[in-house]
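Student: I would like a close look at one chain of this assembly and its surroundings. Please keep it brisk.

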Protein chains: 4
Amino acid sequence: MGQKMAFRPRDPEATKADILASARTEFAKAGLAGARVDKIAEQSGANKRMIYHYFDGKENLFTAVVEDAYAAIRGREQQLHLDELEPLEAIERLVRFTWDYYLEVPEFITLVNSENLHQARHIVGNKLLRKLQKAYVDNVAAILKRGEEAGVFRPGIDAAQLCITIAAIGFYYLNNRYTSGALFGFSFMTKEALARRLEFNLDTIRRLVLLRPEAA
Amino acid sequence: MGQKMAFRPRDPEATKADILASARTEFAKAGLAGARVDKIAEQSGANKRMIYHYFDGKENLFTAVVEDAYAAIRGREQQLHLDELEPLEAIERLVRFTWDYYLEVPEFITLVNSENLHQARHIVGNKLLRKLQKAYVDNVAAILKRGEEAGVFRPGIDAAQLCITIAAIGFYYLNNRYTSGALFGFSFMTKEALARRLEFNLDTIRRLVLLRPEAA
Amino acid sequence: MGQKMAFRPRDPEATKADILASARTEFAKAGLAGARVDKIAEQSGANKRMIYHYFDGKENLFTAVVEDAYAAIRGREQQLHLDELEPLEAIERLVRFTWDYYLEVPEFITLVNSENLHQARHIVGNKLLRKLQKAYVDNVAAILKRGEEAGVFRPGIDAAQLCITIAAIGFYYLNNRYTSGALFGFSFMTKEALARRLEFNLDTIRRLVLLRPEAA
Amino acid sequence: MGQKMAFRPRDPEATKADILASARTEFAKAGLAGARVDKIAEQSGANKRMIYHYFDGKENLFTAVVEDAYAAIRGREQQLHLDELEPLEAIERLVRFTWDYYLEVPEFITLVNSENLHQARHIVGNKLLRKLQKAYVDNVAAILKRGEEAGVFRPGIDAAQLCITIAAIGFYYLNNRYTSGALFGFSFMTKEALARRLEFNLDTIRRLVLLRPEAA
DNA sequence: AATGAATGAGAATTCATTCAT
DNA sequence: CATGAATGAATTCTCATTCAT
């Protein structure tokens, strides 16, 4: 006893998952170029060699991280059961979820930025992500249709554009919280500031979709 | 005699400007960590030593680039003379300008992202940028006030939040054009797609500010 | 039950032989430093651990391969029954055999080169190989003696030098077929080129040993 | 004074040459895979970074070394002025030169082996080497022609094959001196052994080319 | 002021070998 | 006997920065 734990458990899946989690954190913090393989290895509890064994290099590991990040958020969205809610409630729930998810998984935002810096080359042609995305947009389209048929939503709203806007108004605020904080001169991350922004965003989206926003 | 022309006798200001321009391109393309001092030097027409002479290293050069990028957009906004336009026209003009600027100077978006990845440490405490930003928000606040007093805008709209949203809906679309293109399955950058998005954004902002959007 | 078939229950000798064969190929292709233990394991059908079990590491495995390679060619030479042939026929047969063996077992040449790069440290002091070599040279010496006594060979030919020359004129041509091909500008390995070289070599050796070559 | 010399002289050509010389030694000693960039750098007096600056990596450095090695021997051969000698003298001189060169520049042999291990991929298509080689073979062909016309050489000797054989009988002996030493049981590198081999080789070539060897 | 050769620290990647099952 | 996950020590390569001219 007291002997140092020389090898980690021979559990490949756990090792892979640990590396992936550690990589997500590091890539989110530093970007693809700034991330250090050494750090990822160290913080994963595994060692550098395992990264090459399981992921075959930094670049591929980044691909796995980005893929995983997108799959995760799309998976969570599917669990919202938006189709069981009234149209307006469904849209509001989506706005709240999106906002909460960005707050809960802040890595997502910087990973998306990194991938865009690299012109999405790590996910271009990814069939799974394409499919998940389609399911998501179709969900929103269905809500819009229900709302329109119920006479509460404006007709002809483009589901894709709405999805983008819902993401945009949360994403931008949180992504740019550091520079905006410095420029605007107030903290973007206090409880009050966050609550104010969420309300503003809900309002923005309500006015965008409702036929008669003032009645709301 | 017969000696090769070793120096370029251009004026210091031009050399500095060339380096800055080259650095903007490179930092925008690759981020702070991914950018290469060698490349910046090469493409600036100057040489590496000059970067150290004028900017004292990569990190400081990045600071100069980011500072310059923010000053530039704020400067351009000031030239819009929004105070001379009707409130709704002024807001629409701002939405269009913001969109056009992102398209015209695409480096701006990735530079902002990079600076946020680094938690704005290069511009924190920058008085000039703070001042320029304040002038900008004050401008928008003045428009809102005029609109409210004219009975066309809703009362109580938060100018800062509006500024953020105007930026957000353009910024997000263009920033994420690569990943979104891959996920949604259509090109975000065709003339038509860009026009559609701008219209959607104008609509979003109009509905957000107008007291009676349906009348518009 | 339902347990996956994990082991291969083959006999130890077969496993050893498989590893040795795989190692011969890999060492011949890449040299000692360039060879990869992983590749040897993979292509042997066994696994890396077995290499350490049976051969105790890469270096020792190389030793086994080289030893085996020399033993193999010397063994084949013994089967030629040169003593049953007329002197000139015997020598010609040896020239042909040497040439054919290099063609049939091309690994032999690069293994010999590798071992020489390492200054023969894997076979220095090897009694078996020394003994086999002696038997070989003695065979040639006996042929020379018979030829001399029969009045067809020149007297005083050094058997060791002759052995070396017989090997040299085939070995060099085949060993350097790539560089020579590039430099001379013709392919060394076409059927015609090979036949031409063999004839030239036979001629060379005949002229070297015969008392009256022009009579041949 | 007494200050340590921090930087080497700013003489690019000297630096390049030093690296090349150091690389030649290391590649000759260990092959491409076994050679260590660190060692090359250290022994060159330059540093690792310079290798990448001037040669752009290990593989390219190897290419430069091999190219240089071939160019050097062909260059030396041109200086023999074989056309000014009697045919037999010319051929003998070439045999001696080849032998002496292998002894004087032992790196040549192992470099050639290494390049052949890699299937000549570093020199394939090299026009300069092809040209130098052609000049060399043409020289030998001219000697053969002169000898034939003078009635001292056999007619119809293939110049390329002769070149190969002249190289082979020296190359093989010296290349395999370690393994052959171990197998034959005598040292290949004593003064006497070397002299004996050279005589044997001269004899071999004389008998190969002369119309009436016994008269010689 | 301008140049570009030179450098050391560090980063990604590879590899033979050992350990737990 | 057999397996393949795990490891640490090298090894190749990169990069911002400094120095001599």
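Student: How far apart are the nearest C-alpha atoms of chain A and chain D?

Tutor: The nearest C-alpha atoms of chain A and chain D are 20 Å apart, and the two chains do not touch. In contact means that C-beta atoms, placed from the backbone, lie within 7 Å. Chain C does not touch chain A either; there the nearest C-alpha atoms are 12 Å apart.

A word on the basis. This is a predicted model: local features need pLDDT of at least 70, side-chain atom pairs count only at pLDDT 80 or more, and totals for chains, interfaces and linings use all residues. Residues are numbered from 1 along each chain as its sequence is written, while chains are lettered from A and ligands numbered from 1 in the order in which they are written.

Start with the fold of chain A. Chain A has 10 helices and 0 strands (DSSP runs, numbered from the N terminus: H or I of at least four residues for helices, E of at least two for strands). From the N terminus on, every element of chain A is therefore written α: α-α-α-α-α-α-α-α-α-α. The C-alpha trace of chain A spans about 70 × 40 × 40 Å along its principal axes.

Next, the domains. Chain A splits into domain 1 (11–56) and domain 2 (66–215), with bounds taken from an automatic or database domain assignment. Their C-alpha centres lie 29 Å apart. Contact between them joins 7 residues of domain 1 of chain A to 7 residues of domain 2 of chain A. On the domain 1 side, 4 of the residues are nonpolar, 2 polar and 1 charged. Here Ala, Val, Leu, Ile, Met, Phe, Trp, Tyr, Cys and Pro count as nonpolar, Asp, Glu, Lys and Arg as charged, and the others, Gly among them, as polar.

Now one helix pair in chain A. Helix H4 (residues 58–78) and helix H7 (residues 127–149) of chain A pack at about 25°, with axes 10 Å apart (axes are lines fitted to C-alpha atoms, for helices over the stretch in contact; angles run from 0 to 180 degrees between N-to-C directions). H4(A) and H7(A) are therefore roughly parallel (under 35 degrees; over 145 is roughly antiparallel, 65 to 115 roughly perpendicular, the rest oblique). H4(A) passes H7(A) in a left-handed crossing (near helix turned anticlockwise from the far one by less than a right angle; clockwise is right-handed). H4(A) brings Glu67(A), Tyr70(A), Ala71(A), Arg74(A), Glu77(A) and Gln78(A) to this contact, and H7(A) brings Leu128(A), Leu129(A), Leu132(A), Gln133(A), Ala135(A) and Tyr136(A). By class, the contact of H4(A) with H7(A) has 7 nonpolar, 2 polar and 3 charged residues.

Chain B is in contact with chain A. That contact takes 44 residues from chain A and 43 residues from chain B. On the chain B side, helices H1 (12–34), H6 (107–117), H7 (127–149), H8 (159–175), H9 (177–184) and H10 (191–209) each supply at least two residues. H8(B) gives the most, with 11 residues. The side of chain B that touches chain A divides into 22 nonpolar, 16 polar and 5 charged residues.

The two copies are related by symmetry. A rotation of 180° with 0.0 Å of shift along its axis superposes chain B on chain A, at an RMSD of 0.1 Å (least squares on the C-alpha atoms of residues with pLDDT of at least 70 in both). That is the relation of a two-fold axis. Both copies use the same surface: 100% of the contact residues of chain B recur in chain A.

Stay with H8(B) for a moment. H8(B) packs against H10(B) at about 160°, with axes 10 Å apart. The pair is therefore roughly antiparallel. The crossing of H8(B) and H10(B) is right-handed. Thr165(B), Ile166(B), Ile169(B), Gly170(B) and Tyr173(B) of H8(B) meet Arg197(B), Asn201(B), Thr204(B), Ile205(B) and Leu208(B) of H10(B). This contact of H8(B) with H10(B) holds 5 nonpolar, 4 polar and 1 charged residues.

Last, chains C and D. Their contact takes 43 residues from chain C and 44 residues from chain D. H8(D) provides the largest share of the chain D side, 11 residues. The side of chain D that touches chain C has 22 nonpolar, 17 polar and 5 charged residues.
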